[in-house]
Amino acid sequence: MLRIIVYTGLSLPFDEAKEILDSTEDVEVIYKRPIQRGDLGQAMKERPDIIAIIDGVFHQSSAVGHKEILNVMKSGVKVYGASSMGALRASELDTLGMVGVGYVYTQYATGEVDSDDDVAVMLDSATLEALSIPLINMKYVFTNAADENIITEDERDELLKIAKKTFYPKRNYSQTLSESELDDDKKSELIDFIRTSPDIKKEDAKDLLKVIKKEIDETN
């Protein structure tokens, strides 16, 4: 029996995750809340073959450490990362065997972003609902909006500057746009674009689960 442990719930709710990767007769998939320091030691008692890190705590508790992940990989467990804490750690440990997937991972791996603040969000600890917008999502959306000529590159830079200086629990589109110098018509057009834009952290999380599922299917 192949055993997979996935840390998520914030970027991708458990029910949506299970639509992509769920337990079968030959595979047991265990979904857990965002990872924090010490969790991997407990997880190893469950003898996993694969661990996927999507979400993790940054400020509420100590973040999962590099040494913890390295110890897991040294024991023969394959570790993947994407979307949030997983993307950050994968970008730091990919040369040592951790597998990174997706846009957010690539942003970190190429040095386009380098701070955990870019993926940090305020969350409801009971429901794991995000209560703010991560900076990495804003960068993705505003960059695409500039590429579509909805805003100029200078306007994109202004919006990102406003978002970056805002403390992450208070970061959202409404506040960012209200502080900008965009005229009302352009704000309205940008709001429409935001509403139809994908949640890139969520898409990365889905892609990671699809990668794991594909590898399992190919192995079987």
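Arg3 is partly exposed, with a relative accessible area of 23%, where partly exposed covers the range between buried, under 20% relative accessible area, and exposed, over 50% (1.4 Å probe, protein chains only). The accessible areas themselves come from the Shrake-Rupley method with a 1.4 Å probe, and for residues only the protein chains shown count as cover. The model is a predicted one, in which local features need pLDDT of at least 70 and side-chain atom pairs count only at pLDDT 80 or more, while totals for chains, interfaces and linings use all residues. Residues are numbered from 1 along each chain as its sequence is written, and side-chain values use heavy atoms, with hydrogens and water left out.

The partner of Arg3 is Glu28, and the two form a salt bridge whose closest N and O atoms are 2.8 Å apart; the term stands for a side-chain nitrogen of Lys or Arg within 4 Å of a carboxyl oxygen of Asp or Glu. This pair links distant parts of the chain, since Glu28 belongs to strand S2 (residues 27-32) and Arg3 to strand S1 (residues 2-7), 25 residues apart. Helices (H or I, at least four residues) and strands (E, at least two) are DSSP runs, numbered from the N terminus. Glu28 is also partly exposed, at a relative accessible area of 27%.

A search of the whole structure finds 15 salt bridges, and two further ones involve helix H10. In one of them, the side chains of Glu16 and Lys202 meet at 3.0 Å, N to O. That pair also links distant parts of the chain, with Glu16 in helix H1 (residues 14-20) and Lys202 in helix H10 (residues 200-219), 186 residues apart. Glu16 counts as partly exposed, at 23% relative accessibility. In the other, Lys206 and Glu203 meet at 3.8 Å, N to O, and both residues lie in helix H10, three residues apart, or about one turn of the helix. Lys206 is partly exposed with a relative accessible area of 22%, and Glu203 is partly exposed with 29%.

Which charged residue is buried yet has no salt bridge? This is Lys187, for which the nearest side chain of opposite charge, Asp184, is 4.6 Å away; Lys and Arg count as positive and Asp and Glu as negative, while His and the chain ends are not counted. Lys187 is found in helix H9 (residues 184-196), and it touches Leu177, Ser178, Ser180 and Leu182, not counting residues up to four places away in sequence, where contact means heavy atoms within 4.5 Å.

On the surface, Asp147, Glu148, Glu153 and Asp154 gather in a patch of negative charge. Such patches are made of residues with over 30% relative accessible area and no salt bridge, like charges being joined within 9 Å and nonpolar side chains (Val, Leu, Ile, Met, Phe, Trp, Tyr) within 5 Å; the place of a charge is taken as NZ of Lys, CZ of Arg, CG of Asp or CD of Glu. Glu153 is found in helix H7 (residues 153-165), and it is exposed, with a relative accessible area of 52%.

Thr166 lies in the loop between H7 and helix H8 (173-179), and it is buried at a relative accessible area of 10%. Leaving aside residues up to four places away in sequence, Thr166 touches Arg171 and Gln175. Arg171 is also among the contacts of Pro134, which include Asp118, Val119 and Lys201 when neighbours within four places in sequence are set aside. Pro134 sits in the loop between helix H5 (103-109) and helix H6 (135-147) and is buried, with a relative accessible area of 6%.

Tyr173, in helix H8, counts as buried at 16% relative accessibility. Its contacts beyond four places in sequence include Ile133, Met138 and Ile194, and the C-alpha atoms of Tyr173 and Met138 are 7.9 Å apart, although the two are 35 residues apart in sequence.

Two backbone angles remain. Most residues other than glycine have a negative phi, and most peptide bonds are trans. Leu128, in the loop between H5 and H6, has a positive phi of about 65 degrees and is buried, with a relative accessible area of 7%. Arg47, in the loop between helix H2 (39-43) and strand S3 (50-53), has a positive phi near 55 degrees, and at 68% relative accessibility it counts as exposed.
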